[in-house]
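Work through the exercises below with the structure open. Try each task before reading its solution.

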Amino acid sequence: MLEIKDVMYYYRSQKDKVILNHISYRFEDGKMYAVLGTSGSGKTTLLSLLAGLDVPVEGEICMNGVNIMQKGLNGHRKKNISLVFQNYNLIDYLTPIENVRLGGKEDAIGLLRSMGLDETQSRRNVMQLSGGQQQRVAIARALAGNAPILLADEPTGNLDEDTANEIIDIFSELAHEKNKCVIMVTHSKELAQKADVILTLKKGTVVATEDTALEERV
Amino acid sequence: MNLFGLSIRSVLRKRAKTVLLLLIIFITSAFIFAGWACKSASIQTQNESRQAIGASFRLEENEANRHERMGELSKLVGEGNGGEGGYYQEQLASGDWLIWTDNSFETLLMEDILRIAEVDGVEEVNITTANTVVNPVNFERIEDKDVDQSSDQRGVSLRGTLRMELDFDVQKGNIEVNEGRMVTPEDTDVCVVSREIADLNGLQVGDYLEFNNWKDRENSNVYQAEVIGIYTPINGITPIMYGDSYRSENIIFTDLSFPEKPEGNEGNPLYQYATFVVGDVNEYEAVKERIQAVDIGWERYDFLDNTGMSDTMKENFGELEKMSSLILILVCISGVVIICLVFLFWLKGRVHEIGIYLSLGRTKLSIIAQMLLEGVLVGCAAFLLATAASPMVSRGIVGYLVDCQAQVRTEDEQLNANMVLNGSLEGDKTEIVGITVEISGDVVFLSGVSVLGVIMIAIALSCISIMVQKPKEILSRMS
């Protein structure tokens, strides 16, 4: 369980411009979260803080009740976090299998197969794959580490609608069937609707949380 | 995937980068190799006056070592006036330094000569003093009346010798003793004069010549030497300096210990050459090896064989070591700068990769270690290539350096040629006949360590930019 407690963030050079203003929220396992907001609302900063790529100016981020600073940010990223980016971020001189192995010791070929890539595709240079296939490799790499939290920054931004929907379905499956906590930053309200919870950020504060699962049940 | 796996894949699959880095490190390594090889290079020189010494060896002072010793003693003496170990310095009123050495500094050491003489196979030894200018007290010297003698010492040259029959000019046939006899080790206070001096002064064997210090003609002690022989110049003796004091006809051969007396240095001789005659010519090379195995301070000497080749234990060209050190320093610095710039350029292109690794939880140190390993892998390949090319490259560079020095020396000689008494004559010119550049295990080891150091420093410096950036900054640059 990942929790942000009264987190405040601003750039040291621009103290008057607050990016995140005393935010608190608890992300639970087995759920898929969508973080919505306009550009500059603090979405990516929030994701960076959750990933341990940066540290809040005030407040703390806890993993299972322990401040992530205590065990080190590198360790937090390695053990607890998987990151998926808009531009896939694969190592260009490695094959898909080798890229997945960077993420962890899970069966790389099996993971890639589960993402819809056959063995021939898995052994090509990663740059020879299509955008959708590259994003699937990125997700497979994120899963290889078996981390409980999956953070995705605009994961479908470069994909066509059909492929985007397929990727979101994979995220949903990971949350609901593999009990992962999936936190996805997106601009698309349509895709956000597929998440269990939608957090809307505006000027560094959470202005709305919408439990879509609860609405569906109602 | 481990660090090595990632590094090897990066090196093998990013070929353009690898080839460029390989080329840069290869060039750097080749120059570093050359620098270290220069330090151990030996240059065989041939001196016209050193040739035709028969089945014998000649020992003489090493010029580079002489300069080195002067430098060391100068440090010992410090800034003030004074002397140490035969080296003296004095500051003149003008602020310039007057530096001179005495015989004890310049001479071949008798104990070293005796140790070589004891080597099995060495049959005879001759020792020759430096030509010593003294004042002729009771006779006239040969003089060119048309030349202004004001800058000459107005003396004659004494050449002390243990066995005159082994003297270089006698062996070479430049002179011939055709009246009386030559000097032997048993002689004391004897001399052999030229036919010209004998004729000018009406001298005969059995007459006595008197000499004293040319710097104090009036008051210095006068020493007598009996004329035991008269020689006729055949080809003449090549003078070592300009001026009538050194001309062939004014060279007087004496017993070994005589020249130091009228010079005012009794007990402080100046032995310039020692010649060791080999009994069995067939044993020549074996005797040479045995002599070279004698434990003496070889760095002080040049050791010449019968071809006039100098197998010095130290290179003849004193500046070569300084120049090779300079090359090493320059190559190392430029290598660090170039590799550093190349890596900085690549790091800019690898921000994406670094960001990915950081997002996967790798530490910055582990990423830098990968970069270092990549550099070392390429460096190893480049170093192997450089090792293969090093004999050729090193010889080329050493040859170039030696040519430069020879050119400087020639220019110096041309300048000095106009200065009476200070110029060495063209007839005694040293010619370079070969350069030996040995790529020994030490050279390979030192070069390897230097190349590794250059790579490590360059990559570590270029990776500072990674160390100082936050992961988020790298990731934001990447996006």
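## Exercise 1: a tyrosine in a strand

B:Tyr231 has 28 C-beta neighbours inside 10 Å, so this residue counts as buried. The model is predicted.

**Task.** Place B:Tyr231 in the secondary structure of chain B, and find which residues B:Tyr231 is in contact with beyond four places in sequence.

**Solution.** 
- Step 1. Find the element. B:Tyr231 sits in strand β12 of chain B, residues 223–233.
- Step 2. Check the burial. The cut-off is 20 or more other C-beta atoms within 10 Å. B:Tyr231 has 28, and therefore counts as buried.
- Step 3. List the contacts. Outside four places in sequence, B:Tyr231 touches B:Ile175, B:Glu176, B:Val177, B:Val192, B:Ser194 and B:Arg195.
- Step 4. Take one pair. B:Ser194 is 37 residues from B:Tyr231 along the chain, and their C-alpha atoms are 4.8 Å apart.

## Exercise 2: the contact between the chains

**Task.** State how many residues each chain gives to the contact, and describe the side of chain B that touches chain A.

**Solution.** 
- Step 1. Count by chain. Chain A gives 17 residues and chain B gives 16 residues.
- Step 2. Name the elements of chain B. Those with two or more residues on this side are α1 (3–13), α10 (351–359) and α14 (471–478).
- Step 3. Sort the residues of that side. Six are charged, five are polar and five are nonpolar.
- Step 4. Look at α10(B). Seven of its nine residues are buried. They are B:Glu353, B:Ile354, B:Gly355, B:Ile356, B:Tyr357, B:Leu358 and B:Ser359.
- Step 5. Go past the helix. B:Gly361 follows α10(B), with a positive phi near 95 degrees.

## Exercise 3: the make-up of chain A

**Task.** How many helices and strands does chain A have, and what percentage of its residues count as buried?

**Solution.** 
- Step 1. Count the elements. Chain A has ten strands and nine helices.
- Step 2. Read the burial. Chain A has 218 residues, and 50% count as buried.
- Step 3. Take the chain A contacts between residues at least 6 apart in sequence: 69% join residues at least 24 apart.

## Exercise 4: confidence

**Task.** Which residues of chain B have a pLDDT that stays under 50?

**Solution.** 
- Step 1. Start with the averages. Chain B has a mean pLDDT of 82, and 87% of its residues score at least 70.
- Step 2. Take residues 46–53 of chain B. Their pLDDT stays under 50, and the model has 22 contacts for them beyond four places in sequence.
- Step 3. Take residues 311–316 of chain B. Here too pLDDT stays under 50, with 23 such contacts in the model.
- Step 4. Note the model scores. ipTM is 0.79 and pTM is 0.55.

Note on methods:
Residues numbered from 1 in each chain as written. Chains lettered and ligands numbered in written order. Predicted model: local features only at pLDDT ≥ 70, side-chain atom pairs only at ≥ 80, totals over all residues. Contact = placed C-beta atoms within 7 Å. Helix = DSSP H or I, 4+ residues; strand = E, 2+ residues; numbered from the N terminus. Nonpolar A, V, L, I, M, F, W, Y, C, P; charged D, E, K, R; others polar. pLDDT = per-residue confidence, 0-100. Buried ≥ 20, exposed ≤ 12 C-beta atoms within 10 Å, placed from the backbone.
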